Structure formats: structure tokens, C-alpha cells
Amino acid sequence: MADMVTMDLVSPEKLLLSDAFEMVVVPGSEGDFAVMAGHTPITSSLRPGVISIYEGDTEKDRIFVNGGFVQVADDKITVLAEEAVHVADLERSNLEQRIKDASEDVEDAKDDETRRKAQESKDHLEQLLEALG
Amino acid sequence: MANLKELKNRITSVTSTQKITKAMKMVAAAKLRHAEEAANAARPYAERMEAMMVSLASGLEGREGPRLLQGKGSDQRHLLIVATGERGLCGGFNSSIAKAAAQRAEKLIAAGKDVKILCVGKKGRDALKRKYSKLIIDFVDLSGSKRIGFGDAQPIAQRALAMFENDEFDVCSIFYAKFVSVLTQEVTEQQLIPASIPEASDEDAENEVDYDYEPEEEEILADLLPRNISVQVYKALLENSASEQGARMSAMDNATRNAGEMIDKLTLQYNRERQAAITSELIEIISGAEAL
């Protein structure tokens, strides 16, 4: 059995995941990087994207995060994300429908504040769709 | 017997009050459990974020940091965020927070500083409105959300950040009640801007790992600090909601006990009155019979 790294994925509301994996690829803001056992300590911010968890050569799990931070030290990865969703839980058709609704909201918005909010949620959904693609 | 009837009415009314306070106590106990769970669940994130900030800030070592960390070099204008509950009937919970905030405001005003107040929760606003209505800049209503989520904290933090960017204040602190136990809640003042970072202890310094930073420390900090404020506000709101339920629970427990004592007292009095009435009736009958 190869050396493992433990990953804690925490959102403000709860600890989402804490487990050991062989390799984890995180979407750093200056490029994706893979973390395996013995990785040098690093602190990085994350861009919105997908954390991929690998077991051997196969991708075991994919989790979408909307940005955040990652810290690696002593074979421990800590990911702080404000939102994290399993990619498997997302459905393309559902998401496309929600994007359509959101764009309608943007068009219908009566004042700047609601428009900004609608635009934000639309951008957010598009990021999710991109992650799925 | 008018007096007997009155007593009976009072006993009935106190009994129904007792029923209500008992029910409220139970509801508060159930809500307290949820609030405590939420507060515990939120702890890992806050702790890790703090650890990250400490290591980043110590990595800066005297270099010019972001303004959110080092302040504007002035403490003339203060923003006080006063977080209270939306409802009353919870003992001294709301008033003690409002009082602490008011004392702080008085002190700052006496020292010639400018004070602005942002109220979160209806009760705090009601308490501060009378004296400080000119200082209150806004009021955030949380009565709509049954359970405090991160989404409730974010707008408050963003509001404070936007004001900071627009140069409307120099120092920002938040007032809330820290949950210690059901019986004790501690009113706490926490400084949000500039961020108060605990000094790295010796033990931490020994375990200090030399991190690579990607991008630069300054950039990560600039990204991390605003988020940290949301997290701190969220933490304060969660502590507050647990404290509120705890305070309500003990207040209602007291009320239930007092009502019980009152019922006992009234029942005793009622029985005495009844006995006296019977005795006097008997005397009337007997003396009536003797007269014959």
C-alpha cells in the first residue's frame, strides 16, 4: 500500500470530509497541483474548480469547490471552502434549467442590486456546469 | 363568596401561565441543542482559518500587510456591530449585550471618537434606539431565518467591508454573548477590523512549518482576511443563538418555578378562606338553632 495523505475538507457550516487518499489534485489559483505523501508544505488559494481524488490511476471522486484555501503540511491537506459539492450529485439537465432561470432573472431584474445578485448566482451555476463538463 | 371566586380565578390564570412557560422552556431546550450542534460544526473551519492566518501573518514579519490586518493607523472612527436576538423573554440576554455596547459607545464618545452602530437583531435596536438613534446607521433583520446559516453572516460582513473600503470607519468590533453554559453567557466584544490575531505561542513557533506560498503571502492574505471576517461574524451569530436559547431556557425554568410557588401559596390561601367560610356558616346555623 502506498503512502497516504489525509484530507480535511471544511466548510463554514461543517466538516465535510476527512479521510486518507493516495493522491489529491486541487485547483490552485496559479494552476492545478497534485498532492501525494511527502509533498512540500504549501499554502495556496484556490480558484473555483474541481478537487479530484485518485486511487492508483483511477479517479475516485470529484468535488466542486467555489474557491477557498488549501494548506499542506506533514501529509495533511486542509481545504477551506465556502461551498463544496460532489460532482456526482450534480445533474446536467437540472443545472442547465437553473442557468436558464437565472439568466431570465438577470434580464427581469428591476434594480442594480437584484441584477447583481442574479448575475452572481448565474456565474456560480456556470462554474458548476463547467466543472461537470 | 366573591373572595373565594377571585382566588380561584387567579389560580387558574397562574396555572395557564405556568403551562406556557413550561412549553417555552422545552422549546428553548430543543432549539438550544440545534444551536449548539451548529456552533460545534462550525468550529473546525474557524480554527483552521485562524491557524492559517497566524502562520501567514507571522510569515509577513514586519513587511507592509493589508489594511484589514494592520488598520489605517488611526482609531478615530468606530463601528460597533451589536448582535442580539429577535425575541424577548430570555432573561437578561438582550439587555446585557445592549448595555455593554452602550457603555462602550459612551466611553468612545467621551474620548472624542466618532461612533456608528450597526444593529443585528430587533431587540438590540429597540434598546439602543432611544438614546443612540442618531448613531444607528442600519439594522439587519434576522427574524426571517429560522436557523442561522453562513448566508446570514456574509451580507453583514460584506456591509462592514464595503464601509471600510469607502473609508467610513477605522475600527470595527462586534458585540455578542459567548455561550459558556446554559446558566452563563458571557458578553464579548471582539475586534474584527483590523483583525486581531493571537500571538503565535512558543509551542506553535517550534512546530512552525516553512510553507511555500502560492501566490504571495500578501495576495493570499488579501483574499483570506475578508473571508475571515465573514467567518468571525458567523461564529458570533452562532454563539449568540446558542446563548439566547440557553438564557431563555433558564429564564423560563425560573418562571415555571415561580409560578409553581405562587400556585401553592394561592391554594393555601384559598383553602383557608374556604374553611373560614364553612366555619362561619356552621356558627350561623348553630347559633340559629340555639336561639330557638
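I count two residues as in contact if their C-beta atoms, placed from the backbone, lie within 7 Å. By that rule, 21 residues of chain A are in contact with 22 residues of chain B. I note at the outset that this is a predicted model.

**Entry 1: overall scores**

I looked up the scores before anything else. The model has an ipTM of 0.74 and a pTM of 0.83. For chain B I found a mean pLDDT of 88, with 94% of the residues at 70 or above.

**Entry 2: chain A as a whole**

I went through chain A from end to end. Its secondary structure amounts to eight strands and two helices. The C-alpha trace of chain A spans about 55 × 25 × 25 Å along its principal axes. I see 26% of the 133 residues of chain A counted as buried. I also checked the contacts in chain A between residues at least 6 apart in sequence: 45% of these join residues at least 24 apart.

**Entry 3: the two domains of chain A**

I took the domain bounds next. Domain 1 of chain A covers 5–87, and domain 2 covers 91–132. Their centres, taken over C-alpha atoms, are 26 Å apart. Six residues of domain 1 and five residues of domain 2 make up the contact.

Which elements of domain 1 give two or more residues to the side that touches domain 2 of chain A? I found strand 5 (42–55) and strand 6 (58–73) of chain A. Strand 5 of chain A gives the largest share, three residues. By class, I listed four nonpolar and two polar residues on this side of domain 1, and no charged ones.

**Entry 4: the side of chain A that touches chain B**

I returned to the contact between the chains, where 21 residues of chain A meet 22 residues of chain B. On the chain A side, strand 5, strand 6 and strand 7 (76–81) each supply at least two residues. Strand 5 of chain A gives the most, with four residues. I sorted the residues of this side into nine polar, eight nonpolar and four charged.

I then looked for strand pairing across the two chains. Strand 5 of chain A runs parallel to strand 6 (residues 212–214) of chain B, and three bridges join them. For a place to look, I noted that A:Ser44 stands opposite B:Glu214 in strand 6 of chain B.

**Entry 5: strand 4 of chain B**

Is strand 4 (residues 171–179) of chain B mostly covered or mostly open? I found it mostly covered, with seven of its nine residues buried.

I followed its pairing to strand 1 and strand 5 of chain B. With strand 1 (residues 77–83) of chain B, strand 4 pairs in the parallel sense over five bridges. Here B:His78 has B:Val171 of strand 4 as its bridge partner. With strand 5 (residues 185–193) of chain B, strand 4 runs antiparallel, joined by eight bridges. In that pairing I noted B:Ile174 opposite B:Gln190 of strand 5. A hairpin of five residues connects strand 4 of chain B to strand 5 of chain B.

How values were computed: Residues are numbered from 1 along each chain as its sequence is written. Chains are lettered from A and ligands numbered from 1 in the order in which they are written. This is a predicted model: local features need pLDDT of at least 70, side-chain atom pairs count only at pLDDT 80 or more; totals for chains, interfaces and linings use all residues. A residue is buried if 20 or more other C-beta atoms lie within 10 Å of its own, exposed if 12 or fewer, and partly exposed in between; C-beta atoms are placed from the backbone. Domain bounds come from an automatic or database domain assignment. Ala, Val, Leu, Ile, Met, Phe, Trp, Tyr, Cys and Pro count as nonpolar, Asp, Glu, Lys and Arg as charged, and the others, Gly among them, as polar. Two strands pair if DSSP finds at least two bridges between them. pLDDT is the predictor's confidence in each residue, from 0 to 100.
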